[in-house]
Amino acid sequence: MLSLLCCFLFFLSFLVHSCLRLRTQAKRSLKDEKEIDEGAYVVGEEETPTRLLRELMPRHVAVIMDGNRRWAERAGLLTSQGHEAGAKRLLEFAELCFKLGIETVSAFAFSTENWGRHKIEVKCLMSLIQRYLKSKIQFFQSEEIRVSVIGNLEKIPESLLGIIKETEEATMRYKKKHLILAIDYSGRSDILHACKSIVKKSQQGLIREEDVDETLFEQELLTKCTEFPSPDLLIRTSGEQRISNFLLWQLAYTELFFSPVLWPDFDKYKFLEALISYQRRERRFGCRI
Amino acid sequence: MDFNDPMLVLSSWIAQIVDFGLDLLWCFIHIVVSLCHIVSGTFEAIESYAISLGLIQKYSSIDIEKLKCLAVVMDIEAARDVSKVIELLQWLTTIGVKQVGLFDSQGLLKKSKDMILEMVPRSVLLQETGERDISSDRIALEFISSSDNKEAVVKAANILLDKYLKSSHPDKGEEGENVFTESHLNEALRVVGENVQGPDLLLVYGPVRSHLGFPAWRLRYTEIIHMGSLKYMRYGSLLKAIHKFTGVRQNYGV
């Protein structure tokens with residue numbers, strides 16, 4: 001019975017698909033579907049429920065890279081190796097995003113709460129970030145990726161601060177691709193930082209009390225470095241379903257995608273799943289359409 | 001030239017057949033995935049009914065004490081269906097949830113506040129309970145909208161700005177910056193009339209997996225579960241979501 005049903009559905013789908021195909025072929029211009037390098041997906045003009053549309057791509061994707069330690073534990077590796085795998089995955093992820101036309105990628109690399117972890121792990125993380133940034137400056141320049149770091153940064157080692165500054169300066173002029181790393185970042189601190197910034201400007205006579213509104217407030221948040229501070233899509237891996245103090249203000253209408261996969265295993269296929277889910281959603285931004 | 005024309009036609013046919021074949025394969029995979037979704041959806045519905053009937057042992061007793069504050073976010077379509085909202089609240093009362101925050105971005109639920117309080121037995125407005133503990137047979141309700149989010153933070157920021165400008169002296173340097181701590185902003189938000197308590201669990205009802213502008217300041221460590229449509233909500237799914245929450249262990253970044 002089930003196999004008959006499958007056959008019937010298959011035949012029906014074949015008929016529908018054939019009709020649609022004939023119709024669209026008649027309308028289509030010479031510019032056909034483009035296949036991206038890896039060949040795992042197709043981005044094109046024809047609208048089908050199983051394909052991604054470039055015009056519906058999110059402009060800004062944020063990611064909470066959770067699960068590196070668990071991944072290392074399951075693989076029988078050290079925690080530091082888990083974080084290494086996570087860093088590698090982030091770069092691959094960012095590259096894929098930019099290839100798909102996503103302009104801004106934000107990654108929660110190190111939260112303010114993470115300072116509470118074991119000192120050795122924290123030191124490893126700082127060292128890893130430093131090493132990766134230093135080794136990838138040329139790559140960022142060749143790919144024209146702008147790199148920005150947001151966060152408190154007061155407790156960060158001087159050597160890492162130096163590399164951060166160097167990377168930011170080396171890539172400041174690039175506009176089309178933007179990688180934002182949140183290091184020692186807290187959403188609440190971001191909001192407080194905006195308050196302090198407003199106070200300073202008020203002291204300097206640049207703004208009056210009555211000028212303080214949502215728009216001005218947003219312009220004082222740490223995400224002012226990007227044209228699109230509010231992510232369209234937030235991905236959190238490892239099955240945890242919370243935003244853990246990341247971009248609190250900015251996430252009001254962000255599509256939240258919680259994946260059970262651990263971050264080092266979050267490959268392009270899992271990401272495509274997130275994008276398909278995103279493109280299917282009817283986002284209303286709180287209003288009735 | 002003549003020899004090339006049939007070759008071109010042939011290769012074009014082959015390309016089209018291959019293309020068509022790949023499309024059929026894609027279609028078939030799509031059907032298989034859709035069927036899997038149908039089957040898993042059916043299982044979920046059956047499981048939900050089994051939970052509702054108390055047939056699954058592990059959902060019979062839930063450590064509800066862990067859930068101090070629950071928030072429910074719904075899109076405006078769902079918020080218009082007040083009867084469903086009331087039904088949901090009655091279920092939550094049955095489960096033993098003591099404090100529920102109801103959020104919709106446009107404030108429709110705020111307008112239906114009186115009706116909801118009247119129709120949900122033993123319900124009381126959270127603001128009226130004050131500092132007192134909510135008794136075990138009552139449920140405290142809070143009605144929230146977008147105006148309690150960014151607008152409230154801006155008002156609170158203005159209060160802090162005002163306080164800073166009145167208190168700062170040129171020779172005290174950085175001292176004014178001590179006005180801007182989390183606890184100060186919490187206090188300023190309370191002055192503006194906002195609740196700063198972060199919900200432990202946020203249930204999202206609607207087509208979009210987004211918290212739709214729920215007060216950002218409160219969402220720091222909140223567990224978020226998307227429940228689907230309010231219209232087709234199930235008691236079993238609600239119980240399952242709460243049970244899942246009670247099993248979560250947070251590291252808080254450490």
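Buried means under 20% relative accessible area, exposed over 50% and partly exposed in between, with a 1.4 Å probe and protein chains only. The model is predicted: local features need pLDDT of at least 70, side-chain atom pairs count only at pLDDT 80 or more, and totals for chains, interfaces and linings use all residues. Side-chain values use heavy atoms, with hydrogens and water left out, residues are numbered from 1 along each chain as its sequence is written, and chains are lettered from A and ligands numbered from 1 in the order in which they are written.

**View 1. B:R122, a residue with positive phi.** Phi of B:R122 is near 60°, a positive value in a residue other than glycine. Most residues other than glycine have a negative phi. B:R122 lies in the loop between helix 5 (113–119) and strand 3 (123–125) of chain B. Helices (H or I, at least four residues) and strands (E, at least two) are DSSP runs, numbered from the N terminus. B:R122 counts as partly exposed because its relative accessibility is 42%.

**View 2. A:S238, a positive phi in chain A.** A:S238 is not a glycine, yet its phi is positive, at about 75°. The loop that holds A:S238 runs between strand 7 (233–236) and strand 8 (255–258) of chain A. With 7% relative accessibility, A:S238 is buried.

**View 3. An aromatic cluster in chain A.** Four residues, A:F93, A:W263, A:F266 and A:F271, form one aromatic cluster. Rings of Phe, Tyr and Trp (its six-membered ring) pair if their centres lie within 6.5 Å; planes under 30 degrees apart count as stacked, over 60 as edge-to-face and the rest as tilted. Over all chains, the structure holds 14 aromatic pairs. The ring centres of A:W263 and A:F266 are 5.8 Å apart and the planes are at 20°, so this pair is stacked. A:W263 is buried, at 0% relative accessibility. A:F266 is buried too, at 1%.

View 4. A:R89 belongs to helix 3 of chain A. A:R89 is buried, with a relative accessible area of 18%. Contact means heavy atoms within 4.5 Å. Leaving aside neighbours within four places in sequence, A:R89 is in contact with A:W263, A:P264, A:D265, A:F266 and A:D267.

**View 5. Charges over rings.** A charge sits over a ring if NZ of Lys or CZ of Arg is within 6 Å of the ring centre and within 35 degrees of the ring normal. A:K136 lies over the face of A:F139, 5.6 Å from the ring centre.

**View 6. Helix 2 against helix 3 in chain A.** Helix 2 (residues 68–75) and helix 3 (residues 79–99) of chain A pack at about 120°, with their axes 8 Å apart. That angle makes helix 2 of chain A oblique to helix 3 of chain A. Angles under 35 degrees count as roughly parallel, over 145 as roughly antiparallel, 65 to 115 as roughly perpendicular and the rest as oblique. Axes are lines fitted to C-alpha atoms, for helices over the stretch in contact, and angles run from 0 to 180 degrees between N-to-C directions. Helix 2 of chain A contributes A:N68, A:R69, A:W71 and A:A72 to the contact, and residues of helix 3 of chain A include A:T79, A:Q81 and A:G82.

**View 7. Helix 7 against helix 8 in chain B.** The axes of helix 7 (residues 150–167) and helix 8 (residues 182–192) of chain B come within 8 Å and cross at roughly 110°. Helix 7 of chain B is thus roughly perpendicular to helix 8 of chain B. Among the residues that meet are B:A152, B:V153 and B:K155 in helix 7 of chain B, and B:H184, B:L185 and B:E187 in helix 8 of chain B.

**View 8. A:A274 in helix 8 of chain A.** A:A274 lies in helix 8 (residues 268–280) of chain A. A:A274 is buried, with a relative accessible area of 0%. Not counting residues up to four places away in sequence, A:A274 touches A:L233, A:I235 and A:F257. A:A274 and A:Q204 are 70 residues apart in sequence and 45 Å apart in space, C-alpha to C-alpha.
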